[in-house]
Amino acid sequence: FKIMLAFLLPLASKVISDAVAKIPDNEELGEQLIKICLVILKKAVALTKTDMDDKLLAVVEQAINNREEV
């Protein structure tokens with residue numbers, strides 16, 4: 001399993017990097033990407049057992065909300 005993961009993880013990373021590089025610069029698309037990233041962060045934090053991750057997520061969410069209010 002570790003060998004397969006060691007092979008697939010770099011491959012997945014390259015595929016994602018190439019896909020992100022092809023995303024056009026667009027403000028509306030950028031806002032949607034921020035929302036998607038927050039969903040991914042929330043899922044990742046839910047899988048951890050540390051209180052620090054919860055606090056960090058709260059700070060990130062607050063910073064994004066403050067940016068939208070300005």
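## Surface, fold and salt bridges

The accessible surface of the protein comes to about 6300 Å², and carbon and sulfur atoms hold 69% of that area. The model is predicted. Of the 70 residues, 6% count as buried.

**Fold.** The protein has three helices and zero strands. Read from the N terminus, the order of elements is α-α-α. The radius of gyration is 16 Å, well over the 11 Å that the globule rule gives for 70 residues, so the protein is more spread out than a compact globule. The C-alpha trace spans about 45 × 35 × 10 Å along its principal axes.

**Nonpolar patch.** Met4, Phe7, Leu8, Leu11 and Val15 make a nonpolar surface patch of about 510 Å². One of these residues, Phe7, sits in helix α1, which covers residues 2-21. Is Phe7 buried or exposed? Its relative accessible area is 58%, so Phe7 counts as exposed, given that exposed means over 50%.

**Charges.** Side chains of opposite charge can pair when their charged atoms come close. A search of the whole structure finds four salt bridges.

| Salt bridge | N to O distance |
|---|---|
| Asp18 – Lys14 | 2.9 Å |
| Arg67 – Glu31 | 3.1 Å |
| Lys42 – Glu61 | 3.0 Å |

Asp18 and Lys14 both belong to helix α1. They stand four residues apart, about one turn of the helix. Asp18 is partly exposed, at 37% relative accessible area.

The side chains of Arg67 and Glu31 also meet in a salt bridge. This pair links distant parts of the chain: Arg67 lies in helix α3 (residues 51-69) and Glu31 in helix α2 (residues 27-47), 36 residues apart. Arg67 has 38% relative accessibility and counts as partly exposed. Glu31, at 26%, is partly exposed too.

Lys42 is partly exposed at 42% relative accessibility. Glu61 has a relative accessible area of 24%, so Glu61 counts as partly exposed rather than buried, which means under 20%.

Definitions and conventions: Residues numbered from 1 in each chain as written. Predicted model: local features only at pLDDT ≥ 70, side-chain atom pairs only at ≥ 80, totals over all residues. Heavy atoms only, no water. Patch = residues over 30% accessible without salt bridge, like charges linked within 9 Å, V, L, I, M, F, W, Y side chains within 5 Å. Areas by Shrake-Rupley, 256 points an atom, 1.4 Å probe, with all protein chains shown as cover. Helix = DSSP H or I, 4+ residues; strand = E, 2+ residues; numbered from the N terminus. Buried < 20%, exposed > 50% of the residue type's maximum accessible area, 1.4 Å probe, protein only. Rg over C-alpha atoms; globule rule 2.2 N^0.38 Å.
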